[in-house]
Amino acid sequence: MLRSQSRMDSTTAAATAAAAAAPAPVLLVTNDDGIDAPGLRFLVDRLVAAGRYRVLVCAPDTDKSGVSHCITWRPALRCKRVDIIGATAFGVSGISGKLFDGLVPDLVLSGINIGNNCGYHVIYSGTVAGAREAFLYGIPAIAMSYDWVAGRSSVNDLKVSAEVCMPLINAIVTEIKNGTYPQGSFLNVDVPTDAAHPKGYKITKQGTYMARISWEQTVYKKPAVESYQTANMDVDGEKDSELVTSENDLLFKRVIVGRSSNGVEGEETDHNSLVDGYITVTPLGALSRTEPDAIPYFKACVSRLVDNFSSPGSSFSRSRG
């Protein structure tokens, strides 16, 4: 019995030593709001405080909200080291794998964005695109956003959002290290407005929610504050901005004219579940697929077109002859 216990103790000690000697998982944090955005800073703080990760940060040197998969094509990339305690960080004009000596992260985290990214917004979102870009290169990724509501939300809610996302991040890193994490999708996570009291995590599917926008003419060149501070906040940022004096300059500002979904959505969709108080976890891919019901219609439609073009006397037949 003593020998058996001794062997068990030796095995446990060896396993503990091996775990301690293993390199820390590498997490790369990015966003679209910019290197100074509070959502990113709170997230990095939580990851560093966990004491179990090597944290890298590569984020835009200026606000790039809503640019989706915009790439740097012609100019050289600008990179500047930024001081963030516990992390290796760069503010950049575009992402480059050369920054970290070719080190490939175990997981990419994009966010935390100010404003939800549900429904059709995942197409425009730079936050979601940051995670999707990692996915395209075979790296597991999570996009994270907070459902900011003007008059109810505060910057502290972004800090709370980082805290409530940590259990999910930790669990996914464990799955990745165990080799059990699936490779076919990345995750889009949205935290409800009452970030401190969510109903829990809920797996959802992408819906068709969208904030409909229009444009109104303005005489102001730019808002008084950076847009990551007012994104989805419905705040008038024109006050004290620079006026346009030239009659040849016509400027227009974005205005939200409505929020809607395309048809009736079920309870399992991302935006409906988010409004209901859940932290929504939506698996996404990179392919744009149509609804299954549309495939038979288009097959029949194309078949008719081919038959018509191939029939005697058609212009298509004459051109072939």
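Lysine 199 counts as exposed, at 52% relative accessibility. In this predicted model, the side chain of lysine 199 pairs up with aspartate 276 in a salt bridge, with the closest N and O atoms 3.1 Å apart. The two partners come from distant parts of the chain, 77 residues apart: aspartate 276 sits in the loop between helix H6 (270-275) and strand S11 (279-284), and lysine 199 in the loop between strand S7 (186-191) and strand S8 (201-203). Aspartate 276 is partly exposed, at 39%.

A search of the whole structure turns up 4 salt bridges. Another of them joins lysine 177 to aspartate 106, with 3.4 Å between the closest N and O atoms. Here lysine 177 belongs to helix H5 and aspartate 106 to the loop between S4 and S5, so the bridge ties together parts 71 residues apart in sequence. Both ends are partly exposed, lysine 177 at 46% and aspartate 106 at 22%. Aspartate 36 and arginine 41 make a further pair, at 3.1 Å; aspartate 36 is partly exposed at 48%, and so is arginine 41 at 24%.

The buried residues of H2 are Pro38, Gly39, Leu40, Leu43, Val44 and Leu47. Their cover includes strands S1 (26-30), S2 (54-60), S4 (87-92), S5 (107-114) and S6 (141-146), along with H5. Just past the end of H2, glycine 51 adopts a positive phi of about 70 degrees.

Leu47 turns up again in the largest nonpolar core, which has 41 residues; Leu47 is listed there among the residues with the most contacts inside the core, together with Val57, Leu107, Leu109, Ile142, Met144 and Ile169. Helix H5 (residues 155-178) supplies the largest share of this core, 11 residues. Beyond its neighbours within four places in sequence, isoleucine 142 touches Leu107, Val108, Leu109, Ser110, Ala131, Ile169, Ile172, Leu187 and Val189. A second, separate core of 19 residues includes Val108, Val122, Ala141 and Ala143.

On the outside, Ile213, Trp215, Leu250 and Phe252 form a nonpolar surface patch with about 460 Å² of accessible area together. Tryptophan 215, from strand S9 (residues 210-218), is exposed at 52% relative accessible area.

As for the overall picture, the protein has 8 helices and 11 strands, and 40% of its 321 residues count as buried. Its accessible surface comes to about 18900 Å², with 55% belonging to carbon and sulfur atoms.

Conventions. Residues numbered from 1 in each chain as written. Predicted model: local features only at pLDDT ≥ 70, side-chain atom pairs only at ≥ 80, totals over all residues. Heavy atoms only, no water. Patch = residues over 30% accessible without salt bridge, like charges linked within 9 Å, V, L, I, M, F, W, Y side chains within 5 Å. Areas by Shrake-Rupley, 256 points an atom, 1.4 Å probe, with all protein chains shown as cover. Helix = DSSP H or I, 4+ residues; strand = E, 2+ residues; numbered from the N terminus. Buried < 20%, exposed > 50% of the residue type's maximum accessible area, 1.4 Å probe, protein only. Core = buried A, V, L, I, M, F, W, Y, C linked by side-chain atoms within 4.5 Å. Contact = heavy atoms within 4.5 Å.
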